[in-house]
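The sequence and the model are shown first, and the description follows.

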Amino acid sequence: MAEKAVVVVDTNVLLNLATPVVDGRSKAPSGSDPLKALLTTYEVHVPTSLLGELTDTTGSDDLLSAAADLVLQAADQLATHEIDAQTDEPLDYGLDRGESECIWLANELAADLFITDEFNTTNYLFVNLALDDRNILFTTPHILCTLATYEILPREYVSAALTYYVETKNWDVQYVAQLRQDQLQD
């Protein structure tokens, strides 16, 4: 059996992957579970503090809270790491503590992939700089397309999910269109 690639993800990635699963509206794609696909395909590592961020997000009647509940239900599939003692200060790139801890963890584990949803901000550039000059940075739309390429998720589901995220999360239309063209076309 082949080893699973080691992946470090930030909180928003897990929440974004869980959201269509808990969204009962007609615009939400159905028939697959992108969070489960990620957790069963890769060895997913996170800082322990991520679980606290998820817990802080629960307790409301909104989609974000429901997504956080779903991720917490699957938390036994996450490899957690205590990072507090390793990073006294967030990276000096304008990134928050959670992002800094994820980057530190990705570098420490020599992770195969680091997935973040900071692609609509300049933080994406800073995250890339902080990853020890390794080309391991992915976004949620990119990993969804990768899961479709390897037939872990149906292409039709991923295409519908990308449309859903553009409409509900304001993901960059041009970026998603380019990914769709490069990765989902036969």
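## The sheet

Two strands are taken to pair if DSSP finds at least two bridges between them. In this predicted model, strand β1 (residues 6-9) and strand β2 (residues 43-47) are joined by three bridges and run parallel. Within this pairing, V8 has H45 of β2 as its bridge partner. Helix α3, which spans residues 49-57, packs on the sheet and touches β1, β2 and β3. The direction of helix α3 makes an angle of about 80 degrees with that of β2.

The sheet as a whole is open and consists of five strands, with parallel pairing and the order β3-β2-β1-β4-β5. Its edges are formed by β3 (79-81) and β5 (137-138). Each of these two strands has a single partner strand, so one side of each is left without a neighbour in the sheet.

## The nonpolar cores

The largest nonpolar core contains 44 residues, and the members that touch the most others are V9, L14 and L38. Helix α8, covering residues 155-169, gives the most to this core, contributing six residues.

The surroundings of L14 can be described in detail. When residues up to four places away in sequence are not counted, L14 touches V9, L35, L38, V46, L50, V71 and L78. Another core lies apart from the largest one and comprises 15 residues, including L95, C102, A111 and A130.

## The aromatic cluster

A pair of aromatic rings is described by two quantities, the distance of the centres and the angle of the planes. Across the whole structure, a search finds two aromatic pairs. In one of them, the rings of Y164 and Y165 have centres 5.5 Å apart and planes at 65 degrees. Planes over 60 degrees apart count as edge-to-face, so the pair of Y164 and Y165 is edge-to-face.

The rings of Y165 and W171 have their centres 4.2 Å apart, with their planes at 20 degrees. Planes under 30 degrees apart count as stacked, and the pair of Y165 and W171 is therefore stacked. Together, Y164, Y165 and W171 form one aromatic cluster.

Y164 is buried because its relative accessible area is 1%. Y165, at 0% relative accessibility, also counts as buried, and W171 counts as buried at 5%.

How values were computed
Residues numbered from 1 in each chain as written. Predicted model: local features only at pLDDT ≥ 70, side-chain atom pairs only at ≥ 80, totals over all residues. Heavy atoms only, no water. Helix = DSSP H or I, 4+ residues; strand = E, 2+ residues; numbered from the N terminus. Contact = heavy atoms within 4.5 Å. Axes fitted to C-alpha atoms, helices over the stretch in contact; angles between N-to-C directions. Phe/Tyr/Trp six-rings, centres within 6.5 Å; stacked < 30°, edge-to-face > 60°. Buried < 20%, exposed > 50% of the residue type's maximum accessible area, 1.4 Å probe, protein only. Core = buried A, V, L, I, M, F, W, Y, C linked by side-chain atoms within 4.5 Å.
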